[in-house]
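The structure comes first, then the interface.

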Amino acid sequence: MRVLVTGGAGYIGSVVAAQLVEAGHDVVVLDDLSTGHADAVPAGARLVEGGIREHAQAVMAEQGTEAVLHFAARSVVPESVAHPDRYWDGNVGCSLALLEAMRVCGVGRIVFSSTAAVYGEPETVPIPEDAPVRPGNPYGATKAAIDAALTEHARMHGIGAVSLRYFNVAGAYAGLGERHTTETHLIPIVLQVARGLRESVSVYGADYPTPDGTCVRDYIHVADLAEAHLLALEHCRPGAHRVFNLGNGTGFSVREVIEVCREVTGHPVPVVAAGRRAGDPATLVASSERARAELGWVPRRPGLREIVADAWAFHTAHPGPAAGAEPRA
Ligand code: UFG
């Protein structure tokens with residue numbers, strides 16, 4: 001299939017692009033390289049550097065695009081709390097421009113990177129897809145808005161759309177891993193501490209209603225997550241917007257994650273107690289029964305140790321700040 005991957009130079013987009021190339025698809029990556037890396041675009045995919053508003057329509061017309069996988073987005077919860085306008089413009093505005101370009105070019109399928117953050121503080125854990133959408137931060141609100149737009153575009157224009165709601169993605173695949181200029185995610189930060197690139201990790205809040213007081217998350221291997229995208233591509237149905245949660249169904253607290261990182265790396269990880277981080281729900285754990293039943297998705301690397309070990313192998317293979325480290329304070 002001829003596929004356009006927006007954000008394919010980023011962490012998750014590049015892993016999916018690599019798997020698409022391996023599966024024999026014709027892949028064009030559109031990425032403005034604001035947070036992505038040109039060298040993360042797999043050999044065999046073509047990179048067009050630039051924004052969705054400026055380039056998506058021309059790229060689709062030129063490629064004869066049959067499906068879009070849409071990763072390009074801002075995705076840092078604390079930043080979204082501080083600068084919500086960036087998220088409404090960068091996430092919602094660009095996604096609407098992408099949908100319009102698809103309509104003009106007659107592209108009939110889209111797989112979209114949605115998020116567990118649309119559920120806010122859930123009533124039911126593990127969280128099913130029909131749980132109320134009540135985002136607790138602007139990042140989640142923008143993703144929920146795009147999900148709503150996809151429902152409407154499927155109804156109005158007959159496209160087949162799939163939203164994949166990611167829980168906490170980690171690990172690495174084929175030399176592709178997380179390397180954000182400013183890292184905010186727990187596992188890469190802890191691994192930077194283990195490497196001696198940071199003094200310590202701050203634990204944001206120990207007074208949540210969870211067994212050890214720290215936030216509980218469902219960690220999923222990026223390669224398993226990527227495989228779900230290839231399945232979703234095959235399961236787009238004209239006129240329908242389908243939604244799937246992607247997680248392993250097991251929650252780990254911040255303290256448990258840090259302990260697994262200590263075990264995997266064999267290094268000490270000093271911890272500093274800190275206050276709660278704005279926008280963090282206490283517990284996010286997925287029910288992925290729907291993805292298993294309807295997509296035939298089976299996560300093959302569900303263990304947190306394996307996820308951390310793959311992330312660690314990536315981090316140790318990438319020197320210094322290229323792995324997203326900030327200078328030692
Ligand atoms: N945390 C710390 N210290 C750190 C970094 C994180 O204690 O230095 C804590 C956070 O407060 C949170 C947990 O570790 O409780 C996980 O935080 P991450 O930043 O790794 O991930 P989030 O759960 O905030 O966010 C991730 C994605 C979002 C997505 C969300 C949905 O980054 O895009 O999962 O669960 F929306």
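## A salt bridge at Asp 224

In this predicted model, Asp 224 and Arg 301 form a salt bridge, with 2.6 Å between the closest N and O atoms. Across the interface of domain 1 and domain 2, the rule finds 6 salt bridges. Polar contacts across this interface amount to 17 residue pairs, both residues being at pLDDT 80 or more.

## Elements on the domain 1 side

Five runs of secondary structure each give two or more residues to the side of domain 1 that touches domain 2: helices H1 (11-22), H3 (77-82) and H7 (222-234), and strands E7 (168-170) and E11 (241-246). Helix H7 gives the most, with 6 residues.

Sorted by class, this side of domain 1 has 23 nonpolar, 10 polar and 6 charged residues.

## The two domains

The domain assignment places residues 2-169 and 221-246 in domain 1, and residues 174-218 and 249-317 in domain 2. Taken over C-alpha atoms, the centres of the two domains are 23 Å apart.

## Contact and buried area

Between the domains, 39 residues of domain 1 are in contact with 32 residues of domain 2. The area that domain 1 and domain 2 bury between them is about 3,200 Å², and 58% of it is on carbon and sulfur atoms. Of the area that domain 1 buries against domain 2, Tyr 11, His 221 and Asp 224 supply 19%, more than any other three residues.

Technical notes:
Residues numbered from 1 in each chain as written. Predicted model: local features only at pLDDT ≥ 70, side-chain atom pairs only at ≥ 80, totals over all residues. Heavy atoms only, no water. Domains from an automatic or database assignment. Contact = heavy atoms within 4.5 Å. Buried area = accessible area lost by both parts, 1.4 Å probe. Salt bridge = Lys/Arg side-chain N within 4 Å of Asp/Glu carboxyl O. Polar contact = N/O pair within 3.5 Å; in protein donor to acceptor, adjacent residues only side chain to side chain. Helix = DSSP H or I, 4+ residues; strand = E, 2+ residues; numbered from the N terminus. Nonpolar A, V, L, I, M, F, W, Y, C, P; charged D, E, K, R; others polar.
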